[in-house]
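Notebook open, model loaded. I'm jotting down what I look up as I go.

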Amino acid sequence: MLGAKKTIKKQILPLLPLRGLTVFPYMILHFDVGREKSIRALEEAMLNDQLIFLVAQKEARNDSPTKDDIYNVGTISKVKQLLKLPGDTIRVLVEGLSRAEIDEITQTEPFFMAEVVEKIYASEENDKTEIEALKRSILEAFDEYVKLSGKISPETIVNIVSSDDIGQLSDMIASGLFIKIEQKQEILDEFDPVKRAEKLLEILIKETEILKVERNINAKVRKQIDKMQKEYYLREQLKAIQSELGDKDGVAGEVDEYREKLKEANLPEEVEKKVLKELDRLVKMQPASAEASVIRTYLDWIFDIPWTKKTDEIIDLDRAEKILDEDHYGLEKVKERILEYLAVKKLSNSLKGPILCLVGPPGVGKTSIARSIARALNRNYVRMSLGGVRDEAEIRGHRRTYVGAMPGRIIAALKQAGSRNPLILLDEIDKMSSDFRGDPASALLEVLDAEQNFAFRDHYIELPYDLTDVLFITTANTLDTIPRPLLDRMEVISISGYTEEEKVNIAIKYLIPKQIKAHGLEMKNVRISEQAVRDIINYYTREAGVRNLEREIAAVCRKAAKYIVQSNKKFVKISPNNIEKYLGTKKYRYDKAGEKDEIGIATGLAWTPVGGDTLSVEVTLMKGSGKLELTGQLGDVMKESAKAGLSYIRSRVEQFGIDSEFYKKLDIHVHVPEGAIPKDGPSAGITLTTAMVSALTEIPVKKNVAMTGEITLRGRVLPIGGLKEKVLAAHRAGINTVIIPVDNRKDIDDIPESVRKHIKFILASNMDDVLENALVKPKIRRFIGAIHHEENNRMIIAEEQTAVNSMEHANLIEQ
């Protein structure tokens with residue numbers, strides 16, 4: 001156990017607080033003094049033996065320290081020199097003599113005076129061996145610290161090493177260490193030289209370990225810097241070589257250009273990392289290598305894709321409605337859906353773009369309405385035709401391992417649009433196909449799913465792209481060829497054919513002015529009357545849309561232009577009287593309502609891809625063996641409807657007053673005219689049945705009645721589709737009464753008001769309702785349950801038959 005003798009000595013000295021500085025005994029240093037109190041303390045010291053007590057402040061920023069703001073232990077020092085500097089500052093040179101502890105602050109103004117206690121320890125003789133061992137340990141630790149630090153001057157090291165006293169050695173080493181003020185104060189606080197040395201050794205060992213870690217870190221950083229400097233030097237050499245060879249910039253110049261683009265592009269973090277990786281690969285390649293060309297193409301695509309650029313969507317319902325009405329007549333469902341989207345978007349910014357599928361026949365404006373929607377929303381517009389696409393890579397792109405690989409059509413469309421929120425029209429989505437290269441419809445499942453397309457990955461780009469801001473609109477002529485999972489992801493809006501009134505308005509407001517301007521004419525040169533437009537629609541076109549109508553109007557304008565040029569006249573009027581002069585003989589005809597009520601002839605209604613049409617069903621009875629002959633290119637479903645109707649009639653022979661053995665004695669021939677045109681569908685069931693009932697009962701069918709509906713064996717009338725087109729065809733044919741299934745009541749609202757007001761709709765739930773309204777003065781009773789009182793019923797039928805025969809006889813006499 002080390003021991004020491006202690007001597008105590010007290011004295012009163014001026015006190016000078018030091019900021020950020022600790023003075024040890026045996027230490028000579030200079031510092032600047034500027035505070036008034038400190039200068040007064042120095043002056044007092046110079047008057048009394050030049051002794052002053054120097055003690056460190058706890059907080060260096062404190063300009064007016066109190067007793068509590070300074071440490072208790074400091075150093076009694078002797079002022080060696082004073083030097084006045086400009087700005088009331090004094091530079092002081094002092095020498096530390098011995099450490100002392102504040103016993104009492106005797107004065108605070110105009111400067112500090114303190115009574116300090118000086119404690120002097122002297123080592124005992126039997127402790128010299130232990131002290132020598134401690135001294136050597138300290139010197140070894142200090143030597144290693146000096147080597148690692150490299151900040152202590154050789155003169156300081158010589159002075160320290162030459163010291164024999166353990167206390168003096170500790171103070172001299174502590175004064176030269178680059179450690180915190182608090183650590184130095186810990187050493188200064190220790191009066192016992194042995195304990196002070198032990199504390200110093202502990203701090204030296206700790207600081208040495210820290211310096212080792214610092215040296216390792218610095219070595220790594222220096223190595224990295226050296227590597228960068230080497231690469232820079234090599235690149236400069238490469239530039240010089242390329243310049244000599246005539247390649248001024250070379251790959252390095254290209255890479256620099258790409259890096260400049262990268263700084264300006266504001267790309268997502270993942271994309272930026274990918275670009276930097278590709279640039280590092282490119283700079284190491286030969287300029288003419290195939291791989292370098294692939295990387296250049298890839299980087300060009302990356303920078304061309306709009307990762308962050310967007311157009312400002314205009315959410316103005318009135319403006320959008322005005323634009324849509326300017327560009328298109330009709331299409332109310334589509335317009336209403338877009339206005340609903342805008343209204344919700346105005347209330348909620350988080351709404352994802354809808355994925356709409358416009359289904360309808362050719363030429364009804366599906367593609368052109370998409371362009372108008374883009375203009376109304378202030379979005380960039382891109383059309384992408386999918387007709388005939390059979391390769392999955394067309395959608396997702398090719399992997400870069402293939403020669404000539406390119407991104408898919410989705411990424412290409414975004415590049416073409418130049419913004420990340422365009423309107424992309426996927427045209428003819430029903431005409432895709434698939435083969436051994438994959439199914440493009442399956443690839444579209446991710447694109448058209450709002451829950452998945454936030455991270456769409458193209459095989460070529462290999463980076464996620466957010467498609468949620470894109471407004472997708474698809475078009476199709478039919479839903480039958482679209483896979484069910486793909487159809488499930490789209491909101492279907494059906495666009496049926498235009499009515500005659502709509503076509504007339506479209507022709508007068510849009511098509512005629514467009515074609516007159518396209519042919520170098522003016523509105524004052526050509527006038528096409530409204531009736532002439534109707535004749536063009538009815539007799540020169542047969543379509544649901546207006547494409548052929550526009551072609552025929554263009555033909556009229558060409559003939560008019562030729563006539564004006566050759567005859568030197570400035571005005572041409574086209575009317576129904578001279579329309580054939582411009583378009584030739586009429587190409588089509590439409591069935592008109594019959595001139596009289598006829599037996600065995602009923603008028604049905606049919607739906608076709610180009611709109612509705614009337615269907616005349618003729619039935620003739622002949623003596624035979626009960627055969628049912630069906631002609632007119634009828635499909636299987638239509639043939640089955642005829643057989644079901646015949647079975648229904650056989651089950652009701654007593655109700656209809658027909659010979660119960662007719663199916664053995666008569667052959668029934670059912671024919672639908674225009675035999676070259678295939679016909680099929682269940683909606684002709686009630687028409688076929690009505691015509692057969694009329695022929696068997698010899699009761700005429702009303703000439704102004706048309707009908708549509710599917711029949712069951714029990715006589716129930718089932719709903720059908722395409723009611724709007726069918727009713728338009730009936731109206732065009734001059735029919736004013738249409739019998740429809742009762743379940744189609746809801747579809748009446750889709751029929752234009754201009755047509756609805758001229759048509760009387762009869763809702764039929766069974767064949768009794770149909771026959772009651774289709775036949776002239778029917779003698780048929782309603783069949784309710786089992787027949788009761790058979791004799792009474794026969795009498796009623798006989799009376800009704802007599803009354804009908806009397807009326808027919810009276811009619812013949814009048815004729």
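How many helices and strands does the chain have? I count 28 helices and 24 strands; these are DSSP runs, H or I of at least four residues for helices and E of at least two for strands, numbered from the N terminus.

Ground rules first. This is a predicted model, so I note that local features need pLDDT of at least 70 and side-chain atom pairs count only at pLDDT 80 or more, while totals for chains, interfaces and linings use all residues. Residues are numbered from 1 along each chain as its sequence is written, and side-chain values use heavy atoms, with hydrogens and water left out.

**Overall numbers**

I looked up burial: 45% of the 815 residues of the chain count as buried. Buried means under 20% relative accessible area, exposed over 50%, and partly exposed in between, with a 1.4 Å probe and protein chains only. For contacts (heavy atoms within 4.5 Å), I took residues at least 6 apart in sequence, and 73% of those contacts join residues at least 24 apart.

Is strand 3 enclosed or open? Strand 3 (residues 51–56) has 6 of its 6 residues buried, so it is largely enclosed by the rest of the structure. Leu 51, Phe 53 and Val 55 cover one side, and Ile 52, Leu 54 and Ala 56 the other. Its antiparallel partner is strand 4 (residues 73–85), joined by 4 bridges, with Phe 53 opposite Ile 76.

I found a cis peptide bond between Glu 109 and Pro 110, omega about -5 degrees. Pro 110 is in the loop between strand 5 and strand 6 (112–123).

Tyr 26 isn't a glycine, yet has a positive phi of about 70 degrees. It sits in the loop between strand 1 (4–18) and strand 2, and is partly exposed at 41% relative accessible area. Glu 428 also has a positive phi, near 55 degrees, without being a glycine. Its loop lies between strand 9 and helix 15 (440–447), and its relative accessible area of 22% makes it partly exposed.

Next I traced an open sheet of 5 strands with parallel pairing, order 8-9-12-7-13. Strand 8 (381–385) and strand 13 (491–494) are the edges, each with a single partner strand, so one side of each has no neighbour in the sheet. On average, neighbouring strands here are turned by 20 degrees against each other, direction ignored. Helix 11 (residues 332–347) packs on this sheet, touching strand 7 (355–359) and strand 13, and its direction makes about 145 degrees with that of strand 13. Angles run from 0 to 180 degrees between N-to-C directions, and axes are lines fitted to C-alpha atoms, for helices over the stretch in contact.

I also checked one pair inside the sheet: strand 9 (residues 423–427) and strand 12 (residues 471–476) run parallel with 4 bridges, and Leu 426 stands opposite Thr 474.

**Cores**

Which residues have the most contacts inside the largest nonpolar core? They are Ile 373, Ile 473, Ile 528, Leu 549 and Ile 574, in a core of 54 residues. Such a core is a set of buried Ala, Val, Leu, Ile, Met, Phe, Trp, Tyr and Cys residues joined through side-chain atoms within 4.5 Å. Helix 19 (residues 547–567) gives the largest share, 8 residues. A second, separate core has 53 residues, including Ile 410, Ala 413, Leu 414 and Leu 486.

I followed up Ile 574: beyond its neighbours within four places in sequence, its contacts include Val 526, Ile 528, Val 556 and Tyr 582.

Last entry: the axes of helix 17 (residues 500–518) and helix 18 (residues 530–540) come within 10 Å and cross at roughly 115 degrees. Among the contact residues are Val 504 and Ile 508 of helix 17 and Val 533 and Ile 537 of helix 18.

Note on methods
Two strands pair if DSSP finds at least two bridges between them.
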